Amino acid sequence: MQRRRIIAGLAAAAAAALVLSGCSSGSSAGGSQSKDALTWSMWIAGKEDKAAWQKVADTVKSEDGITLTIQGAPFENYFTKLSTQLSAGSAQCVVSMQSLRAANYTESLLPLDDLAKKDGTDLSAFDSTALDGMKVDGKLYGLPYDTGPIMMFYNRDLFKQAGVAEPQPGWTVDDFEAAGAALKAKGITEYGSTVADLNLESMIYGYNGGRVITSSGKLDATNAKFADGLDWMASLVKKGYATQASSDSSTPGNDFAAGKVAMYTDGPWSLISQKAKVKFDLGVTTLPAGTSGPSTFAAGSGFGVSKQCKYPEQAFKAVQTMTSEKVLTSLAEQGRAFPGRTAAQAAWYSSAGIEGAEPALKAALAKSSPLLGNKQSDQLSQLFTQYALQAVNGQTSGKETMSSIAGQLGTQ
């Protein structure tokens, strides 16, 4: 997801804005459309990122004869810009979309079911969780280019230093807390706390099955199990097994890379880049399993077609090429995406070169469910930063926190 859920620093965003000023200028998307020349809206972090996505656009040109012009923005500004373009009637034909946000754009994106049926698209070639994540109310709004379950990244060197056995796929909450106590005895903090929506919701889902967005995409902000999960997260902080949570979603990953914590949660889209960043032996495993057995949430991103596009069949043809085995294999080899197409996933495992990554990821995928979006998901994410932060840090109870969140969402 690039998905994706990691927010770049202000300096990187500013640099990206300068890089993208050239590819965002010119006539509106509506005015530049033709059967063989379309525009594509994508989040882009800088020169290297733009060059990688340009190769995808070049593949569409060579295979379909369609010139695809990228119009991008840094991820943290992407959806604001997209919403403005949609309101102004100037949206691009091909639209990049996160599974978590798809529910907010069903009025603007074209359902792809009829186009896929007409073209004979083999949807079974895609990872089922990735494909389900791009659906809202049973309708498909994008073909997934990447996917991934939330997993636990860990510092093998710190575990060895403390004489603690490395966590294996399928480990339990009891195992997790026992490792936390053993690491604490050696002066090592086990876990970097987070209130980022996907990561927090995944940890609690694994702990006791609690969830604030149901399997049908409805809000359940007063879910008692989720409130209990927040209390459990707070207990980890109180016991010294976890850091206090921060409103900065990048803090756990940064603390992990700096060797300040032994573990944190992330998705496979970050594994290869994190491996290049850290100066220790990196491991990955499943989230600790609680009362409901092994489970985690998965999320991803894909490409859809704007309802404002005058040439939806050509745009869908481009989307099919952009999510082809050839393209997704190339992205996997670059470490840019864990592919949404199953045949391309082997390339990612080969490129990762991390011992145990393949069995761990396959175990997580087997027990993952798509975290469906909701029209209030963005607001919920903001409220987690405000209220769940207090709960995890022991300032309020989980029940009080979720009552406050439900009141803000108008769901009490």
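User: Happy to start with the cysteines: how many disulfides does the count come to?

Analyst: A disulfide is a covalent bond between the sulfur atoms of two cysteines. In this predicted model, the count comes to 1 disulfide. C93 and C309 form it, with their sulfur atoms 2.1 Å apart. The link of C93 and C309 is right-handed, with 90 degrees about the S-S bond.

User: Which parts does the pair tie together?

Analyst: C93 sits in the loop between α4 and β3, and C309 in the loop between β12 and α13, so the bond ties together parts that are 216 residues apart in sequence.

User: Is C93 buried or exposed?

Analyst: C93 is buried, and C309 is buried too.

User: Now the helices, please. At what angle do α9 and α10 pack?

Analyst: Two packed helices are described by the angle between their axes and the distance between the axes. For α9 (residues 197–208) and α10 (residues 224–239), the angle is about 100 degrees and the axes are 9 Å apart. The two helices are therefore roughly perpendicular to each other. Among the residues making the contact are L200 and I204 of α9 and F226 and W232 of α10. By class, this contact has 8 nonpolar, 2 polar and 3 charged residues.

User: And how do α10 and α17 cross?

Analyst: The axes of α10 and α17 (residues 377–392) cross at roughly 55 degrees and come within 7 Å. That makes α10 oblique to α17. Here F226, L230, M233, A234 and V237 of α10 meet F384, A388, A391 and V392 of α17. By class, the contact of α10 with α17 has 9 nonpolar, no polar and no charged residues.

How values were computed: Residues are numbered from 1 along each chain as its sequence is written. This is a predicted model: local features need pLDDT of at least 70, side-chain atom pairs count only at pLDDT 80 or more; totals for chains, interfaces and linings use all residues. Side-chain values use heavy atoms; hydrogens and water are left out. Axes are lines fitted to C-alpha atoms, for helices over the stretch in contact, and angles run from 0 to 180 degrees between N-to-C directions. Helices (H or I, at least four residues) and strands (E, at least two) are DSSP runs, numbered from the N terminus. Angles under 35 degrees count as roughly parallel, over 145 as roughly antiparallel, 65 to 115 as roughly perpendicular and the rest as oblique. Contact means heavy atoms within 4.5 Å. Ala, Val, Leu, Ile, Met, Phe, Trp, Tyr, Cys and Pro count as nonpolar, Asp, Glu, Lys and Arg as charged, and the others, Gly among them, as polar. A disulfide is a pair of cysteine sulfur atoms within 2.5 Å. Buried means under 20% relative accessible area, exposed over 50%, partly exposed in between (1.4 Å probe, protein chains only).
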